[in-house]
Amino acid sequence: MASNNTTRRPRGRVAGCLQALLVPLILFGIAAAWNYYKDDDNSSSSSSSSSSSSSSSSSSGKSTEWKAGDCGGPDPEGSADSYKAFDCDDSGATFKALKIMDASILPDAVQCPAGTDLIVQVSITFGSSDSGGGIPSSTVCGRNLSGDHPGDAGAGGGQLVKGDCIDDTAKEIACAQAGSADYKVLGLVKTEAECPSGTTDPLKLTLALGRPYDVICATKAA
């Protein structure tokens with residue numbers, strides 16, 4: 001029986017470096033990406049619930065297919081980084097889905113919208129979760145229901161987006177901590193010609209499979 005599993009992808013990443021030293025993904029990286037998503041079977045096929053999917057709460061009766069506006073939270077019966085769907089007024093709900101995007105085996109290929117605090121990869125497994133693996137089926141871009149929003153532009157967490165700040169190695173930092181040696185992101189584009197006015201330091205990155213941008217349009221943060 002097929003089941004859907006959700007695992008959280010870590011927040012934050014290094015977008016590149018000022019000297020364009022971002023290492024491109026190679027075949028080994030693609031293979032490693034398959035192991036990036038942990039397999040965690042969160043419901044039993046013998047359950048009396050109408051759904052055996054881990055992305056559905058047995059108490060809510062939600063569909064196994066995530067939609068924008070759905071809520072979720074940590075799965076109390078799963079591993080530390082597994083999540084499941086909850087009704088938004090349920091005490092277990094900690095985030096709301098801003099957008100549902102296609103899945104990818106490449107960690108950098110999915111670019112969630114600004115305001116995304118966490119990224120949940122939904123995977124399908126067949127048979128027992130002990131068999132490992134899992135096929136990524138979709139990506140949930142989630143925003144915390146609490147007031148803590150590290151994915152907001154300039155807050156220093158989440159994916160790199162316009163309005164964020166980076167240090168001289170292109171590592172994301174909170175704009176409140178930025179100094180004269182740091183930079184503010186004005187855009188993430190494919191070519192330098194697409195950078196907006198005001199860009200003083202376009203950072204051209206080396207090839208990375210699946211990444212939706214190749215240039216960080218930046219200017220001094222202070």
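1. Let me start with a salt bridge: arginine 143 pairs with aspartate 152, and the closest N and O atoms are 2.7 Å apart. (Salt bridge here: a side-chain nitrogen of Lys or Arg within 4 Å of a carboxyl oxygen of Asp or Glu.) Arginine 143 is partly exposed at 22% relative accessible area, and aspartate 152 is partly exposed too, at 26%. For the cut-offs, buried is under 20% relative accessible area, exposed is over 50%, and partly exposed is in between, using a 1.4 Å probe and protein chains only.

2. Some ground rules. This is a predicted model, where local features need pLDDT of at least 70 and side-chain atom pairs count only at pLDDT 80 or more, while totals for chains, interfaces and linings use all residues. Residues are numbered from 1 along each chain as its sequence is written, and side-chain values use heavy atoms, leaving out hydrogens and water.

3. The structure holds four salt bridges. Another one links aspartate 70 to lysine 67, with closest N and O atoms 3.9 Å apart. Aspartate 70 counts as buried at 12% relative accessibility, whereas lysine 67 is partly exposed at 44%.

4. Then there is arginine 211 with aspartate 214, at 3.2 Å between the closest N and O atoms. Both arginine 211 and aspartate 214 are buried. Through shared partners, salt bridges join Lys190, Arg211 and Asp214 into one network.

5. Aspartate 167 deserves a look. This residue is buried but has no salt bridge; the nearest side chain of opposite charge, lysine 171, is 6.1 Å away (Lys and Arg count as positive, Asp and Glu as negative; His and the chain ends are not counted). The aspartate 167 side chain does make a polar contact with that of threonine 169, at 2.7 Å. (Polar contact: a pair of N or O atoms within 3.5 Å; within protein, one must be able to donate a hydrogen and the other to accept it, and residues adjacent in sequence count only if both atoms are side-chain atoms.)

6. Now the packing. The largest nonpolar core has ten residues, including Leu160, Ile166, Tyr183 and Ile216. β9 (183-189) and β11 (215-220) each supply at least two residues of this core. (Core: buried Ala, Val, Leu, Ile, Met, Phe, Trp, Tyr and Cys residues joined through side-chain atoms within 4.5 Å; strands are DSSP E runs of at least two residues, numbered from the N terminus.) Apart from this core lies another of nine residues, among them Trp66 and Leu118.

Key. Helices (H or I, at least four residues) and strands (E, at least two) are DSSP runs, numbered from the N terminus.
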